[in-house]
Amino acid sequence: MSSSLVRRGALLSALALASFIHATSVRAQAATGVVRGHVTEGSGGRGIPEVQVTIAGTRIGAITNANGDFALGAVPTGARTLDARRIGYQPVTRAISVNAGDNDVGSIALNVSAVNLNEVVVTGTGTATEKRAVGTSIATVDSALISRAEAVTVDQAMQGKIPGAQITQNSGSPGGGGISVRLRGTNSFISGSDPLYIVDGVIIDNGSAQLADLGIRSNPQNRLADLNPDDIEHIEVTRGAAAAALYGSRANNGVVQIFTKRGTIGKAHYTASTRFSYSQLREQQPFNFYPFNENGIAVNRYNYQDSIFHRAPANEQNLTVEGGNDQTRYYISGNFADEQGIMRSTSSRRSGARVNLQQQLASKLIGNITANYVTTHNELQAFGEQNDYGIMGSLFFAPTSVNFSPTNGIYPLPPSLGTNPLLAIDKIRNPQQIDRFIGSAKLTWTPLTNVLFDYTLGLDNTGFEQRQFVPRNAVLGTAPLATGRSQSVFQSSRVINQDGVGSYTWNPIGPFDLRTTAGVNYTDQRIRMTSATANGLAPVGDLVSAGSIFAAGQTDVELRTLGFYGQQEAAWKNKLFLTAGVRYDASSTFAPSERWQAFPKFSASYVVVDNKPGALNNLRLRSALGWAGSQPSIVNAYSQFITFTQLPFAGRPGFVNDVTFGNPNLKNERAREWEVGADVGFLEGRVSTEATYYNRLVSDLLFFKPLPTSTGFSRQFAPIGSMSNKGFELLLHTQNLDRQSVSWSSTITYAHNKNLVESLSIQDFQSAGGYPNRIRAGYPAGVFYGSYAARDCVTGALLLDSLGRYRRSNQTVDMGATLAQRHAISNGTCNDSLNAIIGDPNPKWTGSLLNEVTLMRRLRLRMLLDGVFGNQIMNLSTRAQNAGIASNSHSYERELLPYGDPRKLAPGFNARTQGIFQYWIEDGTFVKLRELAASYTIDAAIVRRYFRDGVDLTLSGRNLYVWTDYSGYDPEINLFGTNAGGVGSVQTTAADRGFDFGGYPIPRTWSLSARFTF
Amino acid sequence: MRMMKHRAVAVAALSVVTLGACNLDIQNPNQPTQEQVTTSPEGVIALATGLQGRFAQSYGNFAYMAGLVTDEFASTSAALISISDAEQGAVPSGTGIAENVFNSVYRTVRTADDLLAGSVALASQFDAGTRSGIRALAFALKAEALGEALQSYQKIPIKTYNVTAPTYVGRSEALPYVRALIDSAAAEIAATPPSAFFNTTILTPGMSLPNIIQLFRARYARMANDDATALAAANAVARTGPAALSVLTFPSPTVNFYANVTGGTNGIAPRRQYRTSMQAADQRWAYFVAPSTTLTGRVGALLDPWLRYANPQAPLPVYMPDEALLIKAEALTHQNQLAQAQAVLDSVRTDCTGGRGLDDPKACLPPLGAQLTQQQLLDEIYLQRKYELFGTGLRWEDTRRLGAIIGPVAAPAVPTSGQRCWLPYAVGDRNANPNATFTALPDPTEPSTFPSSCTTS
């Protein structure tokens, strides 16, 4: 049998997917032995779990347990080669001699390495392959990095760890906050820009839609929050179209593959961990606390931030048990997390359990079952864009002179807008209940050593109930809501995924090794929603049945995707790897005539230097070219149909044409991406780096093309233009010190991305309805566009009116009614346009710095700095405060000063600035102290007697400090962040970024955790 | 090896069977397709209901906007700035005020055209009386919708069905087109009277199609200064009985248009001067408003809250029944039949409790007494129209045709007439219609001296 790489790839496929195979050919031989050992980090370091240990030339393999121990059964006697490998480490092979009976091979040391060409990745074919063979850059994050982040959700844990991924926590709401992930920039307006998430081969729903109005465009949570980070073994992130082409029509935004833990061989092994945290508002905002009003009369001012925010506790408990033998392996976990939000009356509680089971069903057939049930209960409050009962909106829109404290049980309402925030906290309720099951069943059949078939059936089923209770007389505003509202919305979301793949490895001539893969994938996603709403509530009772005026609704949306793919890999002498593949994909969303689309890909990888000692240890050059598509999100799933819509009248059912005209020729967006890069290791593995340049062009971008309204229609979902993202990604890992007593390593990520709307076939448009931003050809997507403060065209000085207030570019009062008058005021033509491009929310670059120090092998210190640079934010929160009803901004104090005070601002100064959008553009650059942690392992003998690996204690903090010039609560929060796009959500585009409007501030969190194994 | 082949075949067969189940042609269960609606009689009948619903919307938008830019309505305190701008005569291009009339009118037109197409395609599936009723309804409501457009915009597109880039024409072309549509409606029901099935299950309760058609016919004949037709049509509108008052009805949970815009960000209320400018004895305000001494608007306008439309289920008249009498009086005056004209006018002035048994504004004024001159009669008719036809949107055209457009009136001054000639064209059409770009179709220039009449092409 050839020891060629591709064959080893096939073997690894089996291992990575099934991990443990007991080959019959081996079993048939009489003399066998058991091989035991222990894998450590460096010589004499900690035991490393999850290391794949195999006997070369056979399909015997095992995974080390949490202690680093492994045992291989039924190994044929004689001289054998042992192979040990794990993500993030240089693999090791060792010659061993196996005798009948027990063989202890002792310790095997693995050294840390960022460049590991032998790492096994799945890459979107369903079959595993070594990283060296892949022409694209694939980022991997392993369980240690995830668990050490002490994060509430998986996506939080990924923050700052993947170059080229802008992972933004858009709100500080409990349960993770709404998190958006942008891989290599914004690539679509309408399909959502979040990547495709796949857990153990199952495509899952990461929707962030809220089923009731929790503040338009607020971002309380996205559904990835249902996964327990502790269950995750590793994550693979394929960032671009070139890498993800085999996911076809859904891969434009990249793919995130999550693999959960599989269980290790041996006796039942228990791990318990517990964490206690508290969170608090990082810093308060200044408001108008000036003790006099406009007329110089003394007034009391109140700071309601003290009443809205509090120090919020949280705790999380995990218990896992794993074990198995050569036929069966299991991993069982239970998880409970309970978190209070820093905004009073908000909380999130998650309980879940997972069973992962693997069973040898026949000599060549392995079955794998994963089952994950989670139930999440959230208590939320509205925030984000002002609605009638949002707490943040009410805080920003209410004058500080209003006393909101209840008297005689009656909560005073604000003078003009919103609600009393104390009333909202005490009486308005928005409970959510999410019950979710994610499960998969997989069969792996290896009829021959070089033939593999694999079939996966996956299910993600989520039941989501959202209730809302707004009592009577709780809000100002229009009659229906003031009479109270109770709402109950049930949504059932189901994704069924079927995946079949076969691969055949062959060796036709000499140094060439080939692998042929073919597969089929079918996904069926269905979302059903039923809502009931009641107004006119009775004085007691908060269910819909307490109402007297009722409304109901129902939607049912289904989306199916069928794809076939084939891939041919060729390897030459384990040095040069060429891959060509194609996916042929069809989605029910698209018109039958346009439905079938081919997405080809090509990649090449050349290993110039492979694990050599000396100054240059590794060098690999790679390049790839691929095409991918994106589908409209499920909210637009039926856009190909010309439909009518209900307009009941006079108590009778009626139909009228839907003003959104169907597009019977609808087809998908198409991305073309090429990338080129290198992986280099220097100085005996102490320095390693991965660098990638990419260039992506998305054409046939889908959006609503305006139709002449004189036709009775208003828009049609259609291709409107093209957009590019070009950028550079760098990962640099250094081992600065590596001694017995102290080791210190650093990881730096850097990513630069340049987004550009290349062409538009329609007029440039405001992508976020009602917000000053723009999609315009020749500019990055979502640039801020609006009124500006006019300047003197000669001197460049700001033009002021007689009272010293700015002149607003699009205000006739300020600039004159005619162009001639504008020119006279401006001293030239520089202020001719009413509005202008006034800022860009896209960052120039993002980066992170992770430092990890280990002292005396027991004390580990880590610090992660995560930053976004060169972006701008429009501070609509402070804008809301600045005038009119509210006039509660800090700068409004200066308008209240007595005349003669040099700091005095002219009356109306703040009201004037409110109309000038340019005034609210701020630099959004920030660096966050994302993670800071100290862990200590107590492994005294007395402790080890009860806890086998000792006890790990960790004190950690998240988002402890932010370096920024931004004046709002947090430069990271974003009104449009999660780009919900779900059924019933407000239409937004992925380009709508950089708006801070009544967001839920992201807290500073301290945690203390302990981990026990026994 | 052989065994393996068998298994491979089995796996392949299983795959084929599994995948055979993936039908990618999913129907949309949430909304019917065009085909489902337009190819069945039930679907076409539902279109007729949808048309009446859309008509209620476009009529509401028109009356709301016209009341703001004249002297009828002003914004309430929580209203958007664009609404308080409009009440002062300023309607910038691209605002909802400028767009909503246009967009909703052409949606009504679209549904009317769909309904007409359905009546042709499914002609054999309707009896003659039902078919004529459907067609007459579509012609009449399409005509009135276009008529509202031509009272709001200097030029309007008239041919829009399945046209990708409709062209705009001036009133000299548009008005005859509207009148021809109404004549078609009248001809349909004259040839075949609507069936009982049409009248009870397709026409919504409260509507009388023959009266609506004749009233519209009179309205646009008057606009075209065709006194003979105006007189004949006005005479054909029923004077008494339930059919004399056609209303759009809003059973719960639907809400009449004015109740929908009394509060919130699009809130408006009648200006108090509507009531206070009346002759002391005139009682017509009592039909519309509850007197107030305190209610003020966003920019300080003095207001009276709605009385009638405070009830969200209050029906909305398609026309005020006395409009027919006022048109008749005007036609007679033009024809120099002054005594008859004055008698008709007196019947409007003296309409009082009981009266003709209709739920309409009741002036309860004394008769005029001595015979008025032709000009005095026209002035009196103009005055009576202001009070009698309040909230119908007709005020704008009245001030326009009499050359009484007074230009923008900045608050706190109170307007007494129309404040602008036309709305800017809808940006929603400009963005996609090559015949409506700013170059192809500049917004009309407002007059520079006031009071003024307005150019109509």
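In the predicted model, A:Leu82 stands opposite A:Arg94, a residue of strand 6 of chain A. This pairing belongs to an antiparallel arrangement in which seven bridges join strand 5 of chain A to strand 6 (residues 92-98) of chain A. The corresponding pair is formed by strand 2 (residues 52-55) of chain A and strand 5 (residues 78-85) of chain A, which are antiparallel and share four bridges.

Strand 18 (residues 312-324) of chain A pairs with strand 19 (residues 328-340) of chain A in the antiparallel sense, over 11 bridges, and the two form a hairpin with three residues between them. Within this pair, A:Gln317 stands opposite A:Phe336 of strand 19 of chain A. Strand 19 of chain A is in turn joined by 13 bridges to strand 20 (residues 347-362) of chain A, again with the two strands running antiparallel, and here A:Asn335 has A:Gly352, in strand 20 of chain A, as its bridge partner. Strand 19 and strand 20 of chain A likewise form a hairpin, with six residues between them, and A:Ser345 in the turn has a positive phi of about 70°.

Chain A as a whole contains 15 helices and 48 strands. The domain assignment divides chain A into domain 1 (5-111) and domain 2, the latter made up of the segments 133-301 + 310-389 + 428-649 + 672-784 + 841-871 + 924-1013; the C-alpha centres of domain 1 and domain 2 of chain A lie 34 Å apart. Along its principal axes, the C-alpha trace of chain A spans about 100 × 70 × 65 Å. The radius of gyration of chain A is 30 Å, which agrees with the value near 31 Å that a compact globule of 1014 residues would have. Buried residues account for 58% of the 1014 residues in chain A, and of the contacts in chain A between residues at least 6 apart in sequence, 70% join residues at least 24 apart.

The end of chain A was examined through A:Phe1014, which lies in the segment after strand 48 (1004-1013) of chain A. A:Phe1014 counts as exposed because it has 12 C-beta neighbours inside 10 Å. A:Phe1014 and A:Ser767, which are 247 residues apart in sequence, are 55 Å apart in space, C-alpha to C-alpha.

Between the chains, 49 residues of chain A are in contact with 55 residues of chain B. On the side of chain A that touches chain B, the elements giving two or more residues are strand 22 (430-448), strand 24 (485-506), strand 25 (512-535), strand 26 (549-572), strand 30 (644-646) and strand 31 (655-657) of chain A. Strand 26 of chain A gives the most, with seven residues. By class, this side of chain A has 25 nonpolar, 18 polar and six charged residues.

The largest nonpolar core has 127 residues, and those with the most contacts inside it are B:Leu137, B:Ala140, B:Leu146, B:Ile182 and B:Ile213. Helix 3 (residues 41-69) of chain B supplies the largest share of this core, 16 residues. Not counting residues up to four places away in sequence, B:Leu146 touches B:Val105, B:Val109, B:Ile156, B:Ile158, B:Ala174 and B:Val178. In soluble globular proteins, nonpolar side chains tend to be buried together.

Several backbone features remain to be described. In chain B, a cis peptide bond with omega of about 10° joins B:Ala411 and B:Pro412, and B:Pro412 is placed in the loop between helix 17 (394-401) and helix 18 (427-430) of chain B. A cis peptide bond also joins B:Phe450 and B:Pro451, with omega of about -5°, B:Pro451 being in the segment after helix 18 of chain B. A:Asn408, although not a glycine, has a positive phi of about 55°; A:Asn408 is located in the loop between helix 7 (391-397) and helix 8 (421-427) of chain A and counts as exposed, with 4 C-beta neighbours inside 10 Å. B:Asn225, which is not a glycine, has a positive phi of about 55°. B:Asn225 is found in the loop between helix 9 (209-223) and helix 10 (227-236) of chain B, and B:Asn225 is exposed, with 11 other C-beta atoms within 10 Å.

Conventions
Residues are numbered from 1 along each chain as its sequence is written. Chains are lettered from A and ligands numbered from 1 in the order in which they are written. This is a predicted model: local features need pLDDT of at least 70, side-chain atom pairs count only at pLDDT 80 or more; totals for chains, interfaces and linings use all residues. Two residues are in contact if their C-beta atoms, placed from the backbone, lie within 7 Å. Ala, Val, Leu, Ile, Met, Phe, Trp, Tyr, Cys and Pro count as nonpolar, Asp, Glu, Lys and Arg as charged, and the others, Gly among them, as polar. A nonpolar core is a set of buried Ala, Val, Leu, Ile, Met, Phe, Trp, Tyr and Cys residues joined through C-beta atoms within 7 Å. A residue is buried if 20 or more other C-beta atoms lie within 10 Å of its own, exposed if 12 or fewer, and partly exposed in between; C-beta atoms are placed from the backbone. Domain bounds come from an automatic or database domain assignment. The radius of gyration is taken over C-alpha atoms; the globule rule is 2.2 Å times the number of residues to the power 0.38. Two strands pair if DSSP finds at least two bridges between them.
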